[in-house]
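Please read this report beside the sequence and the 3D view. It covers cores, helix packing and a few single residues.

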Amino acid sequence: MTLSIVIVSFNTLELLTRCLASIRRLPPGVSFETFVVDNGSTDKSPEMVAERFPNVRLIRNEANRGFGAANNQALQLAKGENILFLNSDTELLPGSLDPLIMYLESNPTVGVVGPTEQTGDGIPYPTICPFPDLFFLFLTHTGLRHRFYRNRVINPYRHLWEKAQVTGEPTVVDWLSGAGLMVRRKVLEEIGPFDERFFFYMEETDLCKRARAAGWLVVFVPTAVIIHHGGQSEGKVRGGLLTLSGTLSELRYFTKHRRVAELFLLKCLILVEFLLKLLLTKRNDPRRWAYREVLESVLGLRLAQITKEDLCRR
């Protein structure tokens with residue numbers, strides 16, 4: 001088996017249908033298998049998979065286990081030499097996967113590859129980034145990275161991405177979007193699967209960081225193209241949970257990969273930011289509970305990862 005495609009789904013019935021239909025319509029030119037791991041959907045997604053795509057191996061979870069943990073469930077059963085972690089809100093185009101597979105096969109030092117992502121309107125957008133440091137997250141949390149998106153100092157990878165789009169040349173990067181991440185099985189056997197303490201956000205950053213530390217290259221292959229509608233599962237998450245998960249993931253990443261002094265300064269930045277958010281947001285804002293949980297985590301008053309209680313908050 002050359003390829004195992006793993007899709008994690010959470011209440012994305014229509015888009016998951018389109019994703020699976022695109023795989024059936026435009027299959028890769030190698031032997032492959034497909035898994036769908038459903039994270040407790042209530043929109044009949046599992047029933048749709050079982051009825052319309054009987055060749056897909058379906059794993060049903062009673063509750064949302066998070067992106068990394070759900071992927072790891074399928075990984076235990078997957079037989080492919082390469083694993084494609086594919087979001088449920090993506091669609092394949094003609095020849096989407098073949099350039100990724102071919103590049104892995106012809107470059108034994110490369111462990112992780114990823115494609116160009118484009119919107120449903122056919123507009124490509126950057127999906128490569130440097131590993132986050134304190135400066136990167138300062139720019140992100142203050143909004144400066146978004147405001148000065150094309151600035152070479154603030155967003156150096158934007159210009160790297162643009163060059164790759166023009167030349168079509170594969171480009172070595174720090175990390176790639178997890179929406180269509182293809183990883184050599186040997187890499188996962190060496191560094192381990194997704195860290196399940198990252199519930200949602202930065203799990204692919206951590207995986208690429210560990211792959212790079214083990215000596216594997218991470219490469220953006222611009223000639224491979226997929227459609228990524230983006231944010232569809234995020235939109236299903238109750239207000240505040242995404243904010244909490246994202247911030248806790250940043251703290252987890254810095255705890256694992258950055259110096260103690262940087263972690264301390266990040267906590268100071270987050271403390272100021274979320275204190276201001278609590279002061280400035282209305283009392284009926286559905287995210288306020290998450291702001292309080294972030295502050296408690298920074299102060300060491302709660303576990304720095306998503307809990308079952310968090311998933312039940314409204």
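The sections below go from the basis of the model to its cores, helices and loops.

## Basis

This is a predicted model: local features need pLDDT of at least 70, side-chain atom pairs count only at pLDDT 80 or more, and totals for chains, interfaces and linings use all residues. Residues are numbered from 1 along each chain as its sequence is written, and side-chain values use heavy atoms, with hydrogens and water left out.

Helices (H or I, at least four residues) and strands (E, at least two) are DSSP runs, numbered from the N terminus. Buried means under 20% relative accessible area, exposed over 50%, and partly exposed in between (1.4 Å probe, protein chains only). Contact means heavy atoms within 4.5 Å.

## Nonpolar cores

A nonpolar core is a set of buried Ala, Val, Leu, Ile, Met, Phe, Trp, Tyr and Cys residues joined through side-chain atoms within 4.5 Å. The largest one has 58 residues. Val112, Leu176 and Val183 touch the most other members. Beyond its neighbours within four places in sequence, valine 112 contacts Leu104, Leu176, Leu181, Met182, Val183, Cys208, Ala211, Leu217, Val218 and Val219.

## Helix H5

H5 spans residues 134–142. Its buried residues are Phe136, Leu137, Leu139 and His141. They pack against strand E8 (128–129), helix H6 (144–147), helix H11 (241–257) and helix H12 (260–280).

Both ends have a local feature. Just after H5 comes glycine 143, with a positive phi of about 85°.

Two packed helices are described by the angle between their axes and the distance between the axes. Axes here are lines fitted to C-alpha atoms, for helices over the stretch in contact, and angles run from 0 to 180 degrees between N-to-C directions. Angles under 35 degrees count as roughly parallel, over 145 as roughly antiparallel, 65 to 115 as roughly perpendicular and the rest as oblique. A crossing is left-handed if the near helix is turned anticlockwise from the far one by less than a right angle, and right-handed if clockwise.

How do the axes of H11 and H12 cross? They cross at roughly 160° and come within 9 Å. H11 and H12 are therefore roughly antiparallel. The crossing is left-handed. H11 contributes Thr243, Thr247, Glu250, Leu251, Phe254 and Thr255 to the contact, and H12 contributes Glu262, Leu263, Leu266, Lys267, Ile270 and Phe274.

H9 and H11 pack at about 15°, with their axes 10 Å apart. That makes H9 roughly parallel to H11. Their crossing is right-handed. Thr205, Asp206, Lys209 and Arg210 of H9 meet Tyr253, Lys256 and His257 of H11.

## Threonine 205

Threonine 205 sits in H9 (residues 203–213). Is threonine 205 buried or exposed? Threonine 205 is buried, with a relative accessible area of 1%. Not counting residues up to four places away in sequence, threonine 205 touches Phe131, Pro132, Trp175 and Tyr253. Histidine 229 is 24 residues from threonine 205 along the chain, and their C-alpha atoms are separated by 20 Å.

## Helix H13 and glutamate 293

H13 is mostly covered, with 9 of its 11 residues buried. These are Arg288, Trp289, Ala290, Tyr291, Glu293, Val294, Leu295, Ser297 and Val298. The cover includes H11, H12 and helix H14 (308–311). Just after H13, glycine 300 takes a positive phi of about 80°.

Glutamate 293 lies in H13 (residues 288–298). Its relative accessible area is 13%, so glutamate 293 is buried. Its side chain joins that of arginine 302 in a polar contact of 2.8 Å. A polar contact is a pair of N or O atoms within 3.5 Å; within protein, one must be able to donate a hydrogen and the other to accept it, and residues adjacent in sequence count only if both atoms are side-chain atoms. Leaving out residues up to four places away in sequence, glutamate 293 touches Leu244, Arg302, Asp310 and Arg313.

## Positive phi in two loops

Most residues other than glycine have a negative phi. Asparagine 11 has a positive phi, near 55°. Asparagine 11 lies in the loop between strand E1 (3–9) and helix H1 (13–25). Asparagine 11 is buried, with a relative accessible area of 13%.

Lysine 44 also is not a glycine, and its phi is positive, about 70°. Lysine 44 lies in the loop between strand E2 (32–39) and helix H2 (45–52). Lysine 44 is exposed, with a relative accessible area of 54%.
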